[in-house]
Amino acid sequence: MPARSRAEDGVWFQKEFLSEENLKRVRALNEIAKRRGQSLAQMAIAWVLRDKRVTSAVIGARNVDQLDNSLDALKNLQFTQAELAEIDRYAQDGSIDLWKGAREGAV
């Protein structure tokens, strides 16, 4: 994980999310993105924007370089049916519950 990243701080991302099954799915999705000439983040943005009902996507860039990188997703917004089917195969629920801690701490 990159130093000083949100993933490293342990607040937003717990190490148990990195199960071998989840890592396998992320690696497969990353390979699809590479074949498309995109980063995984760029492909994710393009995937969200392919739905005509979506009018915007919040990307959470922390600096101008990240914003520029994210905007490069706009260079390839088209997906083949084969790509979408392959993405669906790997973009599965990874048994990650982001709200678990909040519920456990509730009174």
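**View 1. The largest nonpolar core has eight residues: L29, I32, A33, M43, A46, F79, L84 and I87.** A nonpolar core is a set of buried Ala, Val, Leu, Ile, Met, Phe, Trp, Tyr and Cys residues joined through side-chain atoms within 4.5 Å. Helices α1, α2 and α4 each give two or more residues to this core. The largest share, three residues, comes from α1. Helices here are DSSP runs (H or I, at least four residues), numbered from the N terminus. This is a predicted model: local features need pLDDT of at least 70, side-chain atom pairs count only at pLDDT 80 or more, and totals for chains, interfaces and linings use all residues. Residues are numbered from 1 along each chain as its sequence is written, and side-chain values use heavy atoms, with hydrogens and water left out.

**View 2. I87 and its contacts.** I87 touches L29, I32, M43, W47 and F79, leaving aside residues up to four places away in sequence. Contact means heavy atoms within 4.5 Å.

**View 3. Helix α1 (residues 20–35) packs with helix α4 (residues 81–90).** Their angle is about 160 degrees, and their axes lie 9 Å apart. The two helices are therefore roughly antiparallel (over 145 degrees, on a scale from 0 to 180 between N-to-C directions). From α1, the contact uses R25, A28, L29, I32 and R35; from α4, E86, I87 and Y90. By class, that makes five nonpolar, no polar and three charged residues. Ala, Val, Leu, Ile, Met, Phe, Trp, Tyr, Cys and Pro count as nonpolar, Asp, Glu, Lys and Arg as charged, and the others, Gly among them, as polar.

**View 4. A41 sits in helix α2 (residues 40–49).** A41 has 46% relative accessibility, so A41 counts as partly exposed. Buried means under 20% relative accessible area, exposed over 50%, and partly exposed in between (1.4 Å probe, protein chains only). A41 and I59 are 18 residues apart in sequence, with their C-alpha atoms 9.1 Å apart in space.

Notes. Parallel < 35°, antiparallel > 145°, perpendicular 65-115°, else oblique.
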